[in-house]
Amino acid sequence: MKKFTVKILLVAIMAACGADALLAGGINPSVSYTRTQSRAAVVASIDAAYFNPVGLAWLKDGLYIDVGYQLMTKTTAYEMAFSGGEDNEGSWFMPNAAVAYKTGKGAFFISLNMPEGLESMEYRRPLGGMPLISYFALDLDPIQMAALGNAGLTVSLGPLTLPGIAYVTGRRYWLQGRLGGAFALTDSVALTGGISCSYYDSFRSAGVLKGGTIDKIEKSALGWSGFAGVMVGKPDGFVVTALYSTEVIARGKEKNVKYNYTQIMEQRYPDSLMIGVNIMTRSKASFQLSYQVDFTGERNYGTRNILARDHEAGFLDWALIARSASAWSALPLIAAGNAQNYKHRNRHSFGIGMELEFSGFVPGTGLSISTQEKYPRAQNPLEPDLFRIGYGAGLKAKSGGVVIETGAAYYFYITDRMLFNSIKLNRTAWTWGASVSMKVM
């Protein structure tokens with residue numbers, strides 16, 4: 001029994017991580033990207049406002065509008081410590097909109113999108129609940145744990161006191177608006193720049209079936225950032241683009257609705273560099289390549305002094321260390337301060353797409369690959385961050401100044417296994433959508 005308990009504890013500690021990001025996303029909401037999986041160097045199209053604003057400099061003079069809508073279905077699952085759970089809540093609201101005005105050599109635009117859509121999450125285990133997962137994934141504070149203990153809703157596992165939670169639900173979204181412009185310096189060189197306003201909102205609730213809600217947290221934050229880019233080449237032949245977006249540091253309040261207190265919080269969206277290539281042929285075929293790196297890995301701020309009052313031990317509990325000092329002495333400690341993304345890696349994304357035009361109809365298809373950001377030790381079973389492969393296909397139809405697009409994509413995630421296969425994380429996702437763009441004047 002002792003060996004079994006030790007194994008359970010090791011599984012839990014290896015899987016633990018912070019609870020700020022309960023939901024996994026990262027699927028682009030634009031239908032054009034869904035079709036081709038690569039739009040980093042798109043030119044002379046209104047959807048360039050989302051990916052490559054410098055490409056707007058090659059639109060024909062006039063006012064353009066683009067509106068799109070997508071939905072996503074997904075399955076997220078974990079197997080951990082001889083138990084498992086599954087979440088099938090998708091994202092039913094993934095809109096995007098943009099307006100651009102082109103005159104002379106310059107273009108101005110405004111865009112609005114949700115980089116990861118409005119995601120929902122729901123895990124339920126009516127028999128036995130999910131105390132081990134909840135202990136690490138939700139990171140309940142001492143006030144919440146004390147209230148659960150007084151109500152008799154805790155479970156003991158060796159030195160750990162676990163919350164008797166049977167369900168966890170949540171949702172989150174990023175809403176990002178961008179305002180900027182593009183200007184063609186010559187026939188083969190153009191620049192772009194602008195600002196972004198990002199709003200983050202999330203909600204999390206957990207409780208006991210037939211016993212009520214014991215955890216209810218709401219978060220909201222607002223942040224500003226910027227972007228700048230350059231494009232070199234002939235838009236009807238070969239172009240290369242690069243776009244850098246600065247980090248979003250959104251600050252706001254975290255409200256504990258159940259226990260009636262608030263605290264200041266931060267939510268971050270990483271800075272990134274996107275590089276794209278677009279090759280146009282005489283037969284109006286377009287071949288697109290893209291690469292993006294999100295700078296999410298290994299950034300630490302604040303003190304590294306382990307004697308500081310606010311020092312913390314990552315993923316561990318001080319009381320647990322005190323009881324088993326010799327056993328935990330070999331594990332690394334994490335200094336406090338404003339430490340960002342411990343045990344994360346930069347995320348790298350690659351895409352290749354193709355479009356062929358036939359009498360006003362443009363079928364497109366593409367393939368993408370996105371690397372895993374989190375190391376296995378930093379994974380959260382409720383939010384597996386996994387290596388991803390995406391395949392998309394769809395059709396664009398043109399009629400006068402109106403363009404209608406439809407597209408679908410399937411995303412396959414590589415299962416992550418840790419601690420001798422005692423923890424397994426996986427997910428799959430489908431997206432579908434349609435968009436309409438037009439030149440209104």
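**Entry 1. The second largest pocket**

I began with the second largest pocket, which is lined by 34 residues, with Val43, Ala44, Ser45, Lys396 and Lys398 nearest its centre. The elements giving two or more residues to this lining are strands S1 (62–80), S14 (272–280), S15 (286–294), S18 (388–399), S19 (402–413) and S21 (423–439). I noted that the model is predicted: local features need pLDDT of at least 70, side-chain atom pairs count only at pLDDT 80 or more, and totals for chains, interfaces and linings use all residues. Residues are numbered from 1 along each chain as its sequence is written, and side-chain values use heavy atoms, with hydrogens and water left out.

I recorded the terms next. On a 1 Å grid over the protein atoms alone, a pocket is an open set of points with protein on both sides within 12 Å along at least five of seven lines, a cavity is a set of points where a 1.4 Å probe fits but cannot get out, and lining residues have an atom within 4 Å of a point. Helices (H or I, at least four residues) and strands (E, at least two) are DSSP runs, numbered from the N terminus.

I looked up the volume of the second largest pocket and found about 1000 Å³. A volume is the space filled by probe spheres set on the grid points, which are joined across faces, edges and corners. The lining of this pocket divides into 14 nonpolar, eight polar and twelve charged residues. Here Ala, Val, Leu, Ile, Met, Phe, Trp, Tyr, Cys and Pro count as nonpolar, Asp, Glu, Lys and Arg as charged, and the others, Gly among them, as polar.

**Entry 2. The chain as a whole**

I noted seven helices and 21 strands in the chain. Of the 441 residues, 50% are buried; buried means under 20% relative accessible area, exposed over 50%, and partly exposed in between (1.4 Å probe, protein chains only). The accessible surface of the chain comes to about 19900 Å², with 62% of it belonging to carbon and sulfur atoms. Such areas come from the Shrake-Rupley method with a 1.4 Å probe, and for residues only the protein chains shown count as cover.

I then turned to contacts (heavy atoms within 4.5 Å). Of those in the chain between residues at least 6 apart in sequence, 70% join residues at least 24 apart.

**Entry 3. Nonpolar cores**

Which residues touch the most other members of the largest nonpolar core? I found Leu56, Tyr78, Met130, Ile165, Val168 and Leu382, in a core of 47 residues. A second, separate core has ten residues, including Ala41, Val43, Ala190 and Met231. A nonpolar core is a set of buried Ala, Val, Leu, Ile, Met, Phe, Trp, Tyr and Cys residues joined through side-chain atoms within 4.5 Å.

Not counting residues up to four places away in sequence, Ile165 touches Gly129, Met130, Pro131, Ser134, Leu138, Leu140, Ala206, Gly207 and Ile214.

I looked up Thr36 in helix H2 (residues 31–36). Thr36 counts as buried because its relative accessible area is 0%. Its C-alpha atom is separated by 8.2 Å from that of Gly351, 315 residues apart along the chain. Residues up to four places away in sequence aside, Thr36 touches Gln288, Ile352, Gly353, Glu355, Thr365, Gly366 and Leu367.

Ser196 is in strand S9 (residues 189–208) and is buried, at 3% relative accessibility. Beyond neighbours within four places in sequence, its contacts are Gln176, Gly177, Arg178, Gly223, Trp224, Ser225, Gly226 and Phe227.

Ser83 belongs to strand S2 (residues 83–87) and is partly exposed, at 29% relative accessibility. Neighbours within four places in sequence aside, Ser83 is in contact with Tyr78 and Arg125. I also noted that Ser83 and Leu132 are 49 residues apart in sequence and 9.7 Å apart in space, C-alpha to C-alpha.

**Entry 4. Positive phi**

Asn260 has a phi near 60 degrees, a positive value in a residue other than glycine. I placed Asn260 in the loop between strand S12 (248–256) and strand S13 (261–269); it is exposed, at 67% relative accessibility.

Lys284 is not a glycine either, yet has a positive phi of about 65 degrees. I found Lys284 in the loop between S14 and S15. Is Lys284 buried or exposed? Lys284 is exposed, because its relative accessible area is 52%.
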